[in-house]
Amino acid sequence: MRKSDLFFLFTACNGVLFALMLLHGHHGQAAAHVERRERARLVRELMLTDLCLFTEARYTRHPAMADLHSAFQDHPFSLEHFPSGSLLSPPPLPAR
Amino acid sequence: MNTSLNRHRNIIDFALSSLLRRKMKNFSLLALYTLIVFVIASLLFFVHALKREATLLLADAPDMVVQRLMAGRHDLIPVAYAEKIRSLPGVSTVTPRLWGYYYDPVFGANYTLTVPPKPTVEPGNILVGAEVSRNQRVSEGDMVAFRTAAHVPLLLTVKGIYPAASNLVAADLIIMSAEDFQAMFDLPKAHATDLAVTVANPRELATVATKIVEAFPDARPILKSEMLRTYDSIFDWRGGMMVVILSAAVLSFVIFAWDKATGLSAEERREIGILKSIGWETADVLYLKLWEGIVISLSAFLLGGLLAYGHVFFFSASLFEHALKGWAVLYPRFKLVPTVDSYHLAVLFFLTVLPYTTATIVPAWLAATADPDAAMRS
């Protein structure tokens, strides 16, 4: 087999996998519909306002509900802008 | 047509042989190229999937949440506020929300304690998120001891555990009755954490918010649109911060690629001279270099994109986990719903494939237009 044929075969296989990736993404959206509906039901019934992404601190657990004048908190969609935010280290973990 | 196709196949054969003659250099270049595409594509897939999930889920969040501010901080709100807000024109419902945080000194984790607006658990029972159950090592029917505000143990029975599929919203949640919540935190009577407000016409939200602030100067209304913008902003910031870090890596790659692509080695220059002297045209030499560039960059783009998809959607972006986890003890593990934005793929393609391919042609064109005799002697 010629080297160019091998390259075309390799690229075609990757291309097919790429197309399958896009299809999988599309199919995944449909398949996740039930689970997403369940999550949306929880949000509606428990009146949740935030995703559970970071549980480190109050303002990272509920950034939309955070206090004013601390990280992310000047207004609900503001950013950490205090230079001290990059200098202060977190407190040590309490002894178990 | 066939002649042209055969010509290109012959050139590709020659280009591949030429690349394989410098195996080490070209395989290391391909590996580095693939790694950079993989990291950037992983970031794009991850941020896009999270943003989409936030938009879809928070569409069911309350229209507006009203907090009370005291001394510049979020304070408990009197339930009496709800009555006056309910009487405002356009307001459909006002529901006091009871929720708070509980730091578990034994496991070092933070939990979110919530009372559902409609009673779903009996006093003495709780529903917990999958990560709480994992962290506390409890299953359905087990008893859990919490320490109340008065430092008295409160024993509660786990009546149910939310499935791991709900982790994105409920990983750290503990759902309990209003009575248990009161026992836990000893809240002042007729107070709530905040108020959830529903407005009949979404276009009146801003007007209702203004009226609430006029009636209660210490109130802070947070609209649903602001909640959604919070997540847009956070992901942009995180994505943005990582893109800033990655841009340094990409820039070094560009310098590396530019250095390799613009500075033809003496061997390559001699090769071009020999090809010209045996009858190759300048166009053939340019095609040769173009195909060499395409083989490297297209392969890196395809491999990097595929690996990134697997990393984010099959392995839950495990390489980003440490950066996102930070100092949290309880880290919600969630599987993102696969979603690929073709616009992002197109941007990635034009940012990675085109510059490298173009950069390989320029020096080849300079060498190919030179005298073959001089090129061979250099």
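**A helix pair in chain B**

Modeller: Start with the contacts. From helix α2(B), the residues B:Val37, B:Ile40, B:Ala41, B:Leu44 and B:His48 meet B:His344, B:Leu348 and B:Thr352 of α12(B). By class, this contact has five nonpolar, three polar and no charged residues. Keep in mind that the model is predicted.

Now the geometry. Helix α2 of chain B covers residues 23–57, and helix α12 of chain B covers residues 342–368. Their axes come within 11 Å and cross at roughly 160 degrees. Angles over 145 degrees count as roughly antiparallel, so α2(B) and α12(B) are roughly antiparallel to each other. The crossing of α2(B) past α12(B) is right-handed.

Next, look at B:Val285. This residue sits in helix α10 of chain B, which spans residues 282–314. B:Val285 counts as buried because it has 22 C-beta neighbours inside 10 Å, and the cut-off for buried is 20 or more. Beyond its neighbours within four places in sequence, B:Val285 is in contact with B:Ile272, B:Leu275, B:Lys276, B:Trp280, B:Ala364 and B:Ala368. Take B:Ala368: 83 residues separate it from B:Val285 in sequence, yet their C-alpha atoms are 6.6 Å apart in space.

Finally, step back to the domains. Chain B is assigned domain 1 (2–58 + 230–377) and domain 2 (77–192). Their C-alpha centres lie 49 Å apart. Seven residues of domain 1 of chain B are in contact with eleven residues of domain 2 of chain B. On the domain 1 side, the touching residues divide into five nonpolar, no polar and two charged.

Key. Residues are numbered from 1 along each chain as its sequence is written. Chains are lettered from A and ligands numbered from 1 in the order in which they are written. This is a predicted model: local features need pLDDT of at least 70, side-chain atom pairs count only at pLDDT 80 or more; totals for chains, interfaces and linings use all residues. Axes are lines fitted to C-alpha atoms, for helices over the stretch in contact, and angles run from 0 to 180 degrees between N-to-C directions. Helices (H or I, at least four residues) and strands (E, at least two) are DSSP runs, numbered from the N terminus. Angles under 35 degrees count as roughly parallel, over 145 as roughly antiparallel, 65 to 115 as roughly perpendicular and the rest as oblique. A crossing is left-handed if the near helix is turned anticlockwise from the far one by less than a right angle, and right-handed if clockwise. Two residues are in contact if their C-beta atoms, placed from the backbone, lie within 7 Å. Ala, Val, Leu, Ile, Met, Phe, Trp, Tyr, Cys and Pro count as nonpolar, Asp, Glu, Lys and Arg as charged, and the others, Gly among them, as polar. A residue is buried if 20 or more other C-beta atoms lie within 10 Å of its own, exposed if 12 or fewer, and partly exposed in between; C-beta atoms are placed from the backbone. Domain bounds come from an automatic or database domain assignment.
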